[in-house]
Amino acid sequence: MFRNIINFFIDALILHLASRFFPDCCRIEGWKCLLISTLVIWGITMLIVVAMIVVAAIGAGIFNNPLMIIVAVIVALLSPTLAILALSYLEIGFWVNGFWTALVIGICSCIFSIRSPKKDESSSF
């Protein structure tokens with residue numbers, strides 16, 4: 001739970017820094033819009049992740065193929081990008097110049113987000 005709150009603020013910081021340092025590529029109109037934008041991006045990203053889980057559950061052996069693993073990684077990287085582009089079209093005070101700007105912001109979001117620590121299998125009881 002605490003990790004999710006930190007990731008929320010990291011995403012908000014990434015959006016704020018993008019609008020501050022690259023005003024021609026990304027624009028956010030105030031703090032209220034920043035928080036709403038971050039919440040909407042999280043909601044859209046969660047919908048995409050749930051859709052990926054459902055597809056993986058339907059095709060149980062889908063990740064045995066190396067090509068499908070590559071596709072899953074690409075979709076995982078593009079889910080924040082798609083959420084940012086969808087939010088940009090809602091016209092709530094958040095604007096992104098195009099796909100490449102949204103892709104850079106999405107990749108930064110993936111890089112700087114905090115992931116769950118991997119459990120050490122050798123110490124399991």
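Arginine 27 lies over the face of tryptophan 95, at 4.7 Å from the ring centre. A charge is taken to sit over a ring if NZ of Lys or CZ of Arg is within 6 Å of the ring centre and within 35 degrees of the ring normal. The model is a predicted one, in which local features need pLDDT of at least 70 and side-chain atom pairs count only at pLDDT 80 or more, while totals for chains, interfaces and linings use all residues. Residues are numbered from 1 along each chain as its sequence is written, and side-chain values use heavy atoms, with hydrogens and water left out.

The chain has 4 helices and 2 strands. Helices (H or I, at least four residues) and strands (E, at least two) are DSSP runs, numbered from the N terminus. From that terminus on, the order of the elements is α-β-α-α-β-α. Of the 125 residues of the chain, 32% count as buried; buried means under 20% relative accessible area, exposed over 50%, and partly exposed in between, with a 1.4 Å probe and protein chains only. Contacts (heavy atoms within 4.5 Å) were also counted by separation along the sequence. Residues 24 or more positions apart account for 64% of the contacts with a separation of 6 or more.

The largest nonpolar core has 20 residues, and those with the most contacts inside it are Leu15, Ile84, Phe94 and Ile105. Such a core is a set of buried Ala, Val, Leu, Ile, Met, Phe, Trp, Tyr and Cys residues joined through side-chain atoms within 4.5 Å. Two or more residues are given to this core by each of H1, E1, H2, helix H3 (66-90), strand E2 (94-96) and helix H4 (99-112). Not counting residues up to four places away in sequence, isoleucine 84 touches Ile41, Phe94, Val96, Ala102, Ile105 and Gly106.

Cysteine 26 lies in strand E1 (residues 26-28) and counts as buried because its relative accessibility is 1%. With residues up to four places away in sequence left out, cysteine 26 touches Leu15, Ala18, Ser19, Phe94, Trp95, Val96 and Ile105. The C-alpha atoms of cysteine 26 and histidine 16, which are 10 residues apart along the chain, are separated by 9.1 Å. Histidine 16 lies in helix H1 and is buried, with a relative accessible area of 19%. The contacts of histidine 16, again not counting residues up to four places away in sequence, are Ile28, Trp31 and Leu34.

The structure holds 3 aromatic pairs. Phenylalanine 8 and phenylalanine 9 form one that is edge-to-face, at 5.4 Å centre to centre and 75 degrees between the planes. Rings of Phe, Tyr and Trp (its six-membered ring) pair if their centres lie within 6.5 Å; planes under 30 degrees apart count as stacked, over 60 as edge-to-face and the rest as tilted. Phenylalanine 8 is buried, with a relative accessible area of 15%. The rings of phenylalanine 8 and tryptophan 42 have centres 5.9 Å apart and planes at 80 degrees, so this pair is edge-to-face. Phenylalanine 8 lies in helix H1 (residues 2-21) and tryptophan 42 in helix H2 (residues 31-58), so the pair ties together parts 34 residues apart in sequence. Tryptophan 42 counts as partly exposed, at 22% relative accessibility. Ring pairs link Phe8, Phe9 and Trp42 into a cluster.
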